[in-house]
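This report is for a reader meeting the structure for the first time. The sequence and the model are shown next, followed by a description in parts.

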Amino acid sequence: MSSGNDQQSEALSKPTFSEEQASALAESVFGLKVSKVQPLPSYDDQNFHVYVSKTKDGPTEYVLKISNTKASKNPDRIEVQNDIIMFLKAAGFPTSSVCRAKGDNTASLVSVDSGSEIRSYLVRLLTYLPGRPIAEIPISPQLLYEIGKLAAKLDKTLQKFHHPKLSSLHRKNFIWNLKNVPLLEKYLYVLGQNRNREIVEHVIHLFKEEVMTKLSHFRECINHGDLNDHNILIESSKSASGNAEYQVSGILDFDDMSYGYYVFELAITIMYMMIESKNPIQVGGHVLAGFESITPLTAVEKGALFLLVCSRFCQSLVMAAYSCQLYPENKDYFMVTAKTGWKHLQQMFDMGQKAVEEIWFETAKSYESGISM
């Protein structure tokens, strides 16, 4: 259990810049002529939507990202994240462009006197991507398939990425890496004593027994790690039949990148695609089919998938409850997953691995014959 001092230090790590300060940063660090600034939702950093006066050839909208004090002590990792975004854009992925500060760096360290101490924050600027988050639309099986395919392509493409500071993505105690599910134990007190806590404790126990012992059999790669329903943007176009068809138009938020495994990326993607679905148990098969069209799973990876999806639900739900204690003013943002997440996790748990896998694997298999379920 975290002490009050631990909670306070974590709470203090989140930036608290005003819109006026953000506007001043965009102008002084990146040389923009700002016309308007609006805050964007964020977990433990701060993001602002920055509008600039029209220029002849440049963008007119940006995202100013201010990293928390803890992340700001890792400039190497942020440099790698920026370079990955640029690498993926060059490879044809719909990512932002990374803007350079006046000193030609892709991130700049700014110091702020809080009255009791000087705090330093890394500041970045990305171009703003248009589109709607997929959380806002009913997701079709075909779009789920495409998102699974995108997740696999992303990880496979990053196998070709090289950087002298790539080791910074080996994040040993990073709470959002699926390898670190056992770290949730110190946060369980926020759940109280109820069935939700019993399920999480059981998932952690199974994870230690059935996943930790098999990690050496999973294929390693760099994970985006957060392909959730708000980090994937879509745009619509009219099909030949006149119906709206959706294509992925943007991939956001590379802050949770770390070394993981292909099956981790798939499990994380399935879990987040389940959140807004009216038929959540059906989702996994469509995402799995898309993923396996690029990177087929091994038998060991496939056998761990159910538990890994449950584990990601546990990470998201426990940490959301914990973050609500630290930042009650952001409760609505933190609890987006929790609105349906606990219900979905309980449903998976009640159905059991065998029944859920049968649905997933049969659905995925149907794509091989060209008849998707």
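## Terms and basis

Contact, or packing, means heavy atoms within 4.5 Å. Helices (H or I, at least four residues) and strands (E, at least two) are DSSP runs, numbered from the N terminus.

This is a predicted model, in which local features need pLDDT of at least 70 and side-chain atom pairs count only at pLDDT 80 or more, while totals for chains, interfaces and linings use all residues. Residues are numbered from 1 along each chain as its sequence is written, and side-chain values use heavy atoms, with hydrogens and water left out.

## Overall form

The protein contains 12 helices and 10 strands. Its radius of gyration, taken over C-alpha atoms, is 21 Å, close to the 21 Å that the globule rule gives for 373 residues, so the protein is as compact as a globular protein of that length. The globule rule is 2.2 Å times the number of residues to the power 0.38. Along the principal axes, the C-alpha trace spans about 55 × 55 × 40 Å.

Of the 373 residues, 52% count as buried. Buried means under 20% relative accessible area, exposed means over 50%, and partly exposed lies in between (1.4 Å probe, protein chains only). The protein exposes about 17,300 Å², and carbon and sulfur atoms supply 49% of that area; accessible areas come from the Shrake-Rupley method with a 1.4 Å probe, and for residues only the protein chains shown count as cover. Among contacts with a separation of 6 or more, 73% are between residues 24 or more positions apart.

## Nonpolar cores

A nonpolar core is a set of buried Ala, Val, Leu, Ile, Met, Phe, Trp, Tyr and Cys residues joined through side-chain atoms within 4.5 Å. The largest one has 92 residues, and the members that touch the most others are Ile84, Met273, Leu305, Leu308, Val309, Phe313 and Met348. Helix 9 (residues 299-326) gives the largest share of this core, 15 residues. A second, separate core has 21 residues, including Ala22, Val52, Leu64 and Tyr121.

Which residues does leucine 305 touch? Not counting residues up to four places away in sequence, leucine 305 touches Val263, Leu266, Ala267, Ile270, Leu288, Leu297 and Trp360.

## Helix 2

Helix 2 covers residues 19-30 and has 12 residues. From its first C-alpha to its last it reaches 16 Å, close to the 16 Å expected at 1.5 Å a residue; the expected span is 1.5 Å times one less than the number of residues.

Ala22, Ser23, Leu25, Ala26, Val29 and Phe30 are the buried residues of helix 2. Seen down the helix axis, they fall within an arc of 155°, so they line one face of helix 2. The arc is that of the directions from the helix axis to the C-beta atoms. These buried residues pack against strand 1 (34-40), strand 2 (46-52), strand 3 (61-66), strand 4 (108-113) and strand 5 (118-127). Just after helix 2, glycine 31 takes a positive phi of about 70°.

Helix 7 has 14 residues and reaches 21 Å from its first C-alpha to its last, close to the 20 Å expected at 1.5 Å a residue. Of its 14 residues, 14 are buried, so helix 7 is largely enclosed by the rest of the structure.

In helix 8 (residues 280-292), 12 of the 13 residues are buried, so helix 8 is also largely enclosed by the rest of the structure. Its buried residues pack against helix 5 (141-157), helix 7 (262-275), helix 9, helix 11 (338-351) and helix 12 (353-368).

## Individual residues

Threonine 295 sits in the loop between helix 8 and helix 9. It is buried, with a relative accessible area of 6%. Leaving out residues up to four places away in sequence, threonine 295 touches Ala152, Lys156, Arg219 and Tyr262.

Tryptophan 342, in helix 11, counts as buried at 14% relative accessibility. Beyond its neighbours within four places in sequence, tryptophan 342 is in contact with Leu191, Asn196, Val200 and Leu317.

Aspartate 253 lies in the loop between strand 9 (244-251) and strand 10 (258-261). Its phi is near 60°, a positive value in a residue other than glycine. At 28% relative accessibility, aspartate 253 counts as partly exposed.
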